[in-house]
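Trainee: Could we go through this model together, beginning with the fold and then moving to single residues?

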Amino acid sequence: MVGVCALASCKKNKKEHKNYAFFMVPKDPDIRRQWQEFAKWREVKDYYCLCEEHFLDEEIYKRHPRPLLKKNSVPRYLKKSVYCNFELNYLRFKEQYSSDIIIIT
Ligand SMILES: [Zn+2]
C-alpha cells in the first residue's frame with residue numbers, strides 16, 4: 001500500500017504521520033534483498049515502503065520538498081523512537097567498530 005510503512009510491526013501511514021518520511025524499496029537487487037530480510041517480507045512489491053523510523057538519521061537527507069534516503073541504505077531499527085539518545089549514540093559507536101549489522105528486536 002502506498003504511504004504505509006510495510007513493516008508488519010510498524011504500519012505507520014502518511015495521513016497520521018505527516019512529518020515522517022517514507023522510502024520506497026530500492027531497485028538494486030542486493031540492497032532490496034537486505035530490506036526484505038529485515039522486514040521479513042515473503043516477496044517484495046515495487047510499491048513497498050518503509051518509514052524513516054528504521055534508518056539511521058545520517059542516512060536521511062531532510063530536503064525540501066521530499067526527504068531522500070542515502071543510496072544503498074539498509075533499514076536496521078524496528079523502532080528508533082524507543083531508544084534514548086544515549087543508547088543511540090552507543091549503538092552508533094558500536095556500529096563504527098564492528099561490521100555486524102545491528103538489528104534491535
Ligand atoms: Zn515504519
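Trainee: In what pattern do the helices and strands follow one another along the sequence?
Mentor: The protein has 2 helices and 4 strands. Read along the sequence, they follow the pattern β-α-β-β-β-α.

Trainee: Which element has the lowest mean pLDDT?
Mentor: The average pLDDT of the protein is 82, and 74% of the residues score at least 70. Where pLDDT is low, the predicted coordinates should not be read in detail. Among the elements, H1 has the highest mean, 96, and the lowest, 56, belongs to helix H2 (residues 85-97).

Trainee: What share of the contacts with a separation of 6 or more joins residues 24 or more positions apart?
Mentor: A contact here requires C-beta atoms within 7 Å. Among the contacts in the protein with a separation of 6 or more, residues 24 or more positions apart account for 56%.

Trainee: What percentage of the residues count as buried?
Mentor: To count as buried, a residue needs 20 or more other C-beta atoms within 10 Å of its own. Of the 105 residues of the protein, the share that counts as buried is 17%.

Trainee: Which element supplies the largest share of the largest nonpolar core?
Mentor: That core has 12 residues: Cys5, Ala6, Leu7, Ala21, Phe22, Phe23, Trp35, Ala39, Tyr48, Cys49, Leu50 and Cys51. At least two residues of this core come from each of strand S1 (22-24), helix H1 (29-39) and S2. The largest share, 3 residues, is supplied by S2.

Trainee: Which residues does Cys5 contact, leaving aside neighbours within four places in sequence?
Mentor: Cys5 is itself a member of the largest nonpolar core. With neighbours within four places left aside, the contacts of Cys5 are Cys10, Lys11, Lys12, Phe22, Cys49, Leu50 and Cys51.

Trainee: Is Leu7 buried or exposed?
Mentor: Leu7 is placed in the segment before S1. Beyond its neighbours within four places in sequence, Leu7 is in contact with Ala39, Leu50 and His54. Because Leu7 has 23 other C-beta atoms within 10 Å, Leu7 is buried.

Trainee: How far apart are the C-alpha atoms of Ala8 and Lys40?
Mentor: Ala8 also lies in the segment before S1, but Ala8 counts as exposed because it has 9 C-beta neighbours inside 10 Å. The C-alpha atoms of Leu7 and Lys40, 33 residues apart along the chain, are separated by 8.1 Å. For Ala8 and Lys40, 32 residues apart along the chain, the C-alpha separation is 8.7 Å.

Trainee: What is the phi of Lys11 near?
Mentor: Lys11 is found in the segment before S1. Lys11 is exposed because it has 11 other C-beta atoms within 10 Å. Lys11 is not glycine, yet its phi is positive, near 60°.

Trainee: Where does Asn72 lie?
Mentor: Asn72 has a positive phi of about 65° although it is not a glycine. Asn72 is exposed, since 11 other C-beta atoms are within 10 Å. Its place is the loop between strand S4 (68-69) and H2.

Trainee: Why is Lys79 partly exposed?
Mentor: Lys79 lies in the loop between S4 and H2. The C-alpha atoms of Lys79 and His54, 25 residues apart along the chain, are separated by 6.1 Å. A residue is exposed at 12 or fewer C-beta neighbours and buried at 20 or more. Lys79 is partly exposed because its count of other C-beta atoms within 10 Å is 13.

Trainee: What separates the C-alpha atoms of Asp57 and Lys80, in Å?
Mentor: Asp57 is found in the loop between strand S2 (49-51) and strand S3 (60-61). Asp57 is exposed because 10 other C-beta atoms are within 10 Å. Asp57 and Lys80 are 23 residues apart along the chain, and their C-alpha atoms are separated by 9.7 Å.

Technical notes: Residues are numbered from 1 along each chain as its sequence is written. This is a predicted model: local features need pLDDT of at least 70, side-chain atom pairs count only at pLDDT 80 or more; totals for chains, interfaces and linings use all residues. Two residues are in contact if their C-beta atoms, placed from the backbone, lie within 7 Å. A nonpolar core is a set of buried Ala, Val, Leu, Ile, Met, Phe, Trp, Tyr and Cys residues joined through C-beta atoms within 7 Å. pLDDT is the predictor's confidence in each residue, from 0 to 100.
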